[in-house]
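Please look through the sequence and the model below before reading on. The report that follows takes up a few features one at a time.

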Amino acid sequence: MRVLIVTFALLCALVAGAAAQQANSSNDEPKGKKTKNAESAATTQEKKPSQAAEKATEPNPAAEEQKSAAPKPGSDKDKEEYDVSEVPPVVTHHQVTLDGKLLKYTATAGRLPIKRGDGKIEAEMFFVAYTLEGQDAGKRPLTFAFNGGPGSATIWLHMGALGPRRVLMQPDGFMPAAPYHIADNAYTLLDKSDVVLVDAISTGFSRAANAELSKKFLGVKGDIEAFSEFIRLYLTRYERWSSPLFLFGESYGTTRAAGIAGNLADQGISFNGITLLSTALSFQTLVDNKSNDQPYVLLIPSFTMIAGYHKKLPPDLAQDLTKARQESVQWASTEYAQALAKGDALSADERQKVVDQMARYTGLSKQVLDDANLRIDVPKFTHYLLLDQKLRVGRLDGRFTGPDPDGLLDTPFYDPSESAVVPPYTSVFNNYVRTELGYKTDMPYQVFPSDQNFFENAWNWGSGIAGFPDTATALRQAIVKNPYLKVLVMEGFYDLATPFYAADYTVDHLNLNPQYRKNVSFATYEAGHMVYLPSDGLKKLKSDEAGFIDKSLN
């Protein structure tokens with residue numbers, strides 16, 4: 001979430017300098033989160049969290065007891081070391097009732113090693129796996145899921161959408177009063193697929209052995225390779241090579257998912273389906289600079305939807321937001337895109353026409369649009385839309401609003417949607433993982449990296465040095481190498497971090513012929529970046545994903 005904001009800024013600087021360096025450099029390849037209300041759980045769950053957690057029966061080289069991976073005392077930050085020796089995962093048994101049917105499942109919480117060629121452990125990745133009991137593992141679907149950032153733990157998908165337990169938010173996804181509570185997730189994916197939720201290195205409980213080794217994994221390529229190795233090792237240790245396989249990525253997790261699919265396709269691991277929630281594959285569609293106007297065009301329809309939600313559109317558009325969205329897409333991709341392409345050659349009359357239409361579709365004043373040279377980015381839109389009410393609009397979810405913490409004119413940027421979800425999710429998960437899942441450790445669960453500046457400055461964007469980070473190419477490669485692979489693109493209309501029209505544009509430019517294009521489908525939501533925050537969004541996500549799994553297996 002906040003990671004994505006700063007990394008986008010860094011990307012702008014990176015890409016701006018790339019033009020001068022393009023001739024002599026090129027590299028490898030190529031961002032977030034959530035909530036819900038206290039509706040009494042439509043499910044009942046009798047758990048046995050207090051039972052002594054069993055040692056895993058699955059093959060796992062282990063030590064006697066779980067060791068804390070806290071940094072060694074007295075060491076400098078850049079010399080911090082973590083204990084990455086292997087220990088057994090913690091296994092507990094639970095049950096949940098979905099639609100009147102009792103489901104018994106096993107929860108496995110632990111860390112898998114990422115080793116170099118000679119077998120020395122360089123890092124460990126934390127995961128929680130939920131597997132339905134009494135099933136044929138060879139036929140049971142298996143979904144690997146992760147959030148993005150880069151630099152976010154997978155707490156959001158885990159406790160907001162896919163896991164059997166979830167954080168209780170208000171029905172519209174807004175923040176409840178503390179203390180925060182947990183409940184059964186009536187829309188868990190567990191009845192359709194086993195789920196493995198994985199934290200990226202330097203997030204959650206995932207750590208490299210030391211700060212220097214962390215750098216190896218803090219980048220597009222290193223991150224993809226680490227997750228690829230995690231998946232290979234999980235399939236090996238838990239004997240799931242014959243299972244139908246799925247990936248589910250959110251935000252930068254979609255960047256990662258596309259890269260993993262392309263990488264593992266060459267290692268003999270094929271996926272039946274990939275779900276991309278809040279897509280970020282081609283960063284040229286997301287990061288504007290002086291030579292890239294494309295993101296401005298692709299943001300307009302999201303501006304229209306958010307302006308409509310806050311009743312800032314003219315009456316003819318406000319009465320039918322579906323029609324307004326379609327009109328906005330048409331105008332943005334034609335007249336507006338053509339005007340930006342003309343640059344300074346745009347005549348005064350043409351410019352005024354664009355200002356008039358842009359005010360109509362964004363709810364912003366004509367003066368602001370003119371002063372911004374017809375180019376409105378996310379910080380400007382979120383600041384000016386409700387300026388008359390002295391409120392800032394959310395970036396991750398444009399339905400959220402709040403006053404600027406440092407004052408109306410003194411806050412550079414603020415996202416009220418992030419502020420509403422971080423406390424409930426962090427509090428609930430830290431209690432859940434230790435009490436119900438029995439994973440006891442003094443190590444802090446890092447929702448975001450503790451040293452944010454180090455993480456952001458160290459992230460290696462790969463091909464960003466020669467242009468924009470991109471894993472759309474890797475996704476295309478995976479699709480054309482496997483004619484059975486299905487892709488589901490989920491998008492929220494109120495998301496300004498990864499606008500829905502940018503996702504549409506990226507998919508429309510994968511250069512797929514009809515045989516492969518038919519394997520790509522879309523699901524849209526009246527929600528923001530985390531489409532599962534509102535109760536109806538969570539319900540629809542479950543229905544869409546369940547249908548997608550069925551479709552992918554037929």
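What follows is a report on confidence, cores, a cavity and some local features of the chain.

## The model and its confidence

This is a predicted model, in which local features need pLDDT of at least 70 and side-chain atom pairs count only at pLDDT 80 or more, while totals for chains, interfaces and linings use all residues. Residues are numbered from 1 along each chain as its sequence is written, and side-chain values use heavy atoms, with hydrogens and water left out.

The predictor's confidence in each residue is given as pLDDT, on a scale from 0 to 100. For this chain the mean pLDDT is 86, and 84% of the residues reach 70 or more. Over residues 5-10, however, the pLDDT is below 50, and this stretch has 17 contacts in the model beyond near neighbours in sequence, where contact means heavy atoms within 4.5 Å. Residues 12-75 also have pLDDT under 50, and for them the model has 198 contacts beyond four places in sequence.

## Two nonpolar cores

A nonpolar core is a set of buried Ala, Val, Leu, Ile, Met, Phe, Trp, Tyr and Cys residues joined through side-chain atoms within 4.5 Å; buried means under 20% relative accessible area, exposed over 50%, and partly exposed in between, with a 1.4 Å probe and protein chains only. The largest such core has 99 residues, and those with the most contacts inside it are Phe144, Phe230, Tyr234 and Leu247. Apart from this core lies another, of 59 residues, which includes Leu396, Ala420, Leu437 and Tyr525.

What is Tyr234 in contact with, leaving aside its neighbours within four places in sequence? Its partners are Leu112, Phe127, Ala129, Thr131, Leu142, Phe144, Val196, Glu239 and Arg240.

## The second largest cavity

Strand 4 (121-132) and strand 8 (194-198) each supply at least two lining residues, and strand 4 gives the most, with 3 residues. Helices (H or I, at least four residues) and strands (E, at least two) are DSSP runs, numbered from the N terminus.

Helix 15 (residues 500-508) is mostly covered, with 7 of its 9 residues buried, among them Phe500, Tyr501 and Val507.

## Details in the loops

A cis peptide bond, with omega about -5°, joins Gly149 and Pro150, and Pro150 lies in the loop between strand 5 (142-146) and helix 2 (155-162). The bond from Ala178 to Pro179 is cis as well, with omega near 0°.

Asp99, in the loop between strand 2 (90-98) and strand 3 (101-115), has a phi near 50°, a positive value in a residue other than glycine. Asp99 counts as exposed because its relative accessibility is 77%.
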